[in-house]
Amino acid sequence: MHAADANDRVARAVDGGRLQARLEGLAAFGAAVPGTHRGGVARQALTAQELLARRWLAAAFGGRPGYAVGIDEAANVYIRRQGSDAGAPPVLTGSHADTQPLGGWLDGAYGVAAGLEVFDALDAAGVRTRRAIETVMWTNEEGSRFAPGLMGSVAYVSPGRLAEFRDARDARGVTFGQACADAREDFATAARTAGWQWFDTPLARPLHAYIEAHIEQGPIMEARGLQVGCVTAIQGVRWFRVTVPGRSAHAGTTPASARDDAQAKAIALAHVLLDYGRAQEDDRLRLTIGRWQCRPDSINTIADQVVFTVDTRHPDARVLDALQARLQALLPPGATVDTLQHKPTVAFDAGLVALARQACRALGLAHDDMLSGAFHDAMPLAGFCPTAMLFAPSIAGISHHPEEHTGIEDLTACTRALAWCLAELAGNADAAPALFTPPRKESSRCKRYPALRRSPITANPSA
C-alpha cells in the first residue's frame with residue numbers, strides 16, 4: 001500500500017463519537033458538576049483526580065496487544081503503540097491532563113485524547129507502522145499547583161532541571177519531588193495489578209518528531225472559519241514587575257499639592273503604556289496589565305507603594321525591545337522595573353509545518369498558518385527534536401474557564417490532520433519510506449536544530 005493511501009485510511013478512521021466519549025470520560029475526573037463538563041474541571045497536577053484520570057486513560061491500552069505504558073522520573077506518562085522497528089526513535093504526540101484550579105475540559109486534555117484516538121484509528125484501519133508512536137501526558141504544564149509550569153516537558157529535554165523542580169511546594173507544603181514519587185508508584189502499582197505491558201522511559205530519549213494537538217484558546221480561527229491551524233511558532237514573551245513608590249498620608253487632610261501618591265503615578269503610567277501599545281496598530285502585539293498591589297491598601301490612606309505586572313508578547317524581538325525601552329523611559333522618579341520572564345519566539349520545524357499543511361490539503365480541511373500566543377509543552381520540545389503543533393478552533397476564544405468549548409466536528413477534523421501526520425512520520429511498515437526525514441542525524445543529546453530548519457518568524461498578520 002502506498003504511504004499516502006495508508007495516511008488517508010488512518011485519518012478517515014478517526015471517529016468523532018469515540019473522541020467525544022473519551023473527552024467526556026476524562027472531564028469526569030475533577031468535574032465541578034458531576035456528569036457534565038459544563039461547570040468546569042478542577043484537575044491540578046498530580047492530585048488524586050489527575051492520577052485517576054491517567055490510570056483510566058492508560059487502562060484502555062495497557063493490556064491491548066502491541067501496546068505498552070511507562071512513566072518517567074518527572075512523572076510524565078507514556079502510552080506506546082509498538083512499531084515494527086524496535087530500534088527506531090518513536091514519534092511522539094500528546095499534551096497534558098492537568099487543569100487550572102477551575103478550568104475548561106479541553107485545554108491539554110484534547111491533545112491527549114486526540115493522540116489516543118489516533119491509536120484507535122490505526123487499529124481500525126489495520127495499519128502497522130515502522131516506528132512506534134507514543135502519546136504522552138506531560139506533568140504540570142499549567143503551573144497552577146507547582147511553579148513554574150511546563151515542568152514535565154522541560155525536565156524531559158533537560159534532565160538536569162528536574163533537581164531544580166523537586167523542592168517546589170504547593171499551597172499545602174507538598175513538594176513536587178514527593179508528588180512525582182507518589183505518582184510514579186501509583187501508576188506502576190496500577191500497571192502491575194492490571195498486567196499492563198511496561199517499557200522503560202528514561203528522560204531525554206531520542207525522538208523522531210513531536211506534534212501536539214491543542215485548542216487555539218483564542219478567537220482567530222473561529223472568526224476566519226478555519227478547521228485546523230498549522231502553528232509556525234510560539235511568540236516571544238516578556239514579563240515585568242513595576243514598583244512605583246510614594247508617601248503615605250491621610251486622605252482627608254493632605255491637599256493635592258502636598259501629595260506623593262503612588263497610586264496616582266502608577267495609574268498614569270499604566271494608561272500611557274497601554275496607549276503606547278494601541279498606537280502601534282499591530283494586532284500581534286499583546287500588552288496586559290495583570291496583578292495590581294497597593295500598599296497599605298486602605299480606603300482612607302494615600303498609597304506609599306504600588307506594584308503591578310506587565311505581560312508583553314510579540315513574535316518580533318525588536319518590537320518587544322522597543323516596548324521595554326518605552327516602559328523604562330516612562331518610569332516616574334524612584335520607580336523600578338524588574339524582568340520576571342524573557343522567552344524568545346520559538347519557531348517550529350519548517351518540514352513538519354509543511355507536512356501539516358500537506359495533511360490538511362489531502363483531507364480537504366480549511367487551514368492556515370498561525371502563531372501561538374500561549375506557552376505549550378511543544379516549546380521546550382522544539383529545542384530537542386523536530387516539533388510542530390496543530391490547533392482546533394475555540395468557540396468565542398474562551399479558555400481557562402468553565403465555558404471553554406469546541407464543536408466535536410472541529411475537534412475531529414484536527415484529529416484527522418494529526419492522524420495523517422503521525423501515520424506519515426511513523427511510516428507504513430509495509431510501504432516505502434516516509435516522506436519526512438529529520439533535519440539531521442538523531443541523537444539522544446539535547447541539541448537545537450539549525451535555524452535554517454525553522455519556520456520564518458513572519459506569519460499571517462491576523463494570526
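Buried here means a relative accessible area under 20%, exposed means over 50%, and partly exposed covers the range in between, with a 1.4 Å probe and protein chains only. By that definition W138 is buried, because its relative accessible area is 0%. The model is predicted, so local features need pLDDT of at least 70 and side-chain atom pairs count only at pLDDT 80 or more, whereas totals for chains, interfaces and linings use all residues. Residues are numbered from 1 along each chain as its sequence is written, and side-chain values use heavy atoms, with hydrogens and water left out. Helices (H or I, at least four residues) and strands (E, at least two) are DSSP runs numbered from the N terminus.

- An open sheet is formed by four strands in the order β10-β11-β9-β12, and the pairing is antiparallel; two strands pair if DSSP finds at least two bridges between them.
- The edges of this sheet are β10 and β12, each of which has a single partner strand, so one side of each is left without a neighbour in the sheet.
- On average, neighbouring strands of the sheet are turned by 15 degrees against each other, direction ignored; axes are lines fitted to C-alpha atoms, for helices over the stretch in contact, and angles run from 0 to 180 degrees between N-to-C directions.
- Strand β9 (residues 236-245) pairs with β11 in the antiparallel sense over 10 bridges, and within this pairing R238 stands opposite T312 in β11.
- Helix α9 (residues 262-279) lies across β9, β10 and β11 and runs at about 175 degrees to β10.
- Helix α10 (residues 317-330) also packs on the sheet, where it touches β9, β10, β11 and β12, and its direction makes about 0 degrees with that of β9.
- Q341, in strand β12 (residues 336-343), counts as buried because its relative accessibility is 17%.
- Apart from neighbours within four places in sequence, Q341 is in contact with V237, R238, W239 and F375, where contact means heavy atoms within 4.5 Å.

- Helix α2 (residues 16-27) has 12 residues, which at 1.5 Å a residue should span 16 Å, and its end C-alpha atoms are 16 Å apart, in agreement; the expected span is 1.5 Å times one less than the number of residues.
- D15 caps the N-terminal end of α2, with a side-chain oxygen 2.9 Å from the backbone nitrogen of G17.
- The buried residues of α2 are G16, L19, R22, L23, G25, L26 and A27, and they pack against β1 (31-33), β2 (36-41), α3 (48-62), α4 (109-125) and α13.
- Strands β1 and β2 pair in the antiparallel sense over two bridges, with V33 opposite T36 in β2.
- Two residues lie between the strands of this hairpin, in which G35 takes a positive phi near 90 degrees.

**Aromatic pairs**

- The structure holds 14 aromatic pairs; rings of Phe, Tyr and Trp (its six-membered ring) pair if their centres lie within 6.5 Å, and planes under 30 degrees apart count as stacked, over 60 as edge-to-face and the rest as tilted.
- The W138 and Y156 rings have centres 5.7 Å apart and planes at 70 degrees, so this pair is edge-to-face.
- Because W138 lies in strand β6 and Y156 in helix α5, the pair ties together parts that are 18 residues apart in sequence; Y156 counts as buried, at 0% relative accessibility.
- The rings of W292 and F308, with centres 4.8 Å apart and planes at 15 degrees, form a stacked pair, which links W292 in strand β10 to F308 in strand β11, 16 residues apart.
- W292 is partly exposed, with a relative accessible area of 33%, whereas F308 is buried at 0%.
- One aromatic cluster is formed by Y78, W138, Y156, Y210 and F384.

**Backbone geometry in loops**

- Most residues other than glycine have a negative phi, and most peptide bonds are trans.
- A cis peptide bond with omega of about 5 degrees joins A147 and P148, and P148 is placed in the loop between β6 (133-138) and α5 (151-157).
- The peptide bond from R295 to P296 is also cis, with omega near 10 degrees, and P296 lies in the loop between β10 (286-295) and β11 (305-314).
- A204 has a positive phi near 60 degrees, lies in the loop between α7 (176-194) and β7 (209-215), and counts as buried at 13% relative accessibility.
- A396 has a positive phi of about 60 degrees although it is not a glycine, and A396 is found in the loop between β15 (387-392) and α13 (408-426).

Conventions: A polar contact is a pair of N or O atoms within 3.5 Å; within protein, one must be able to donate a hydrogen and the other to accept it, and residues adjacent in sequence count only if both atoms are side-chain atoms.
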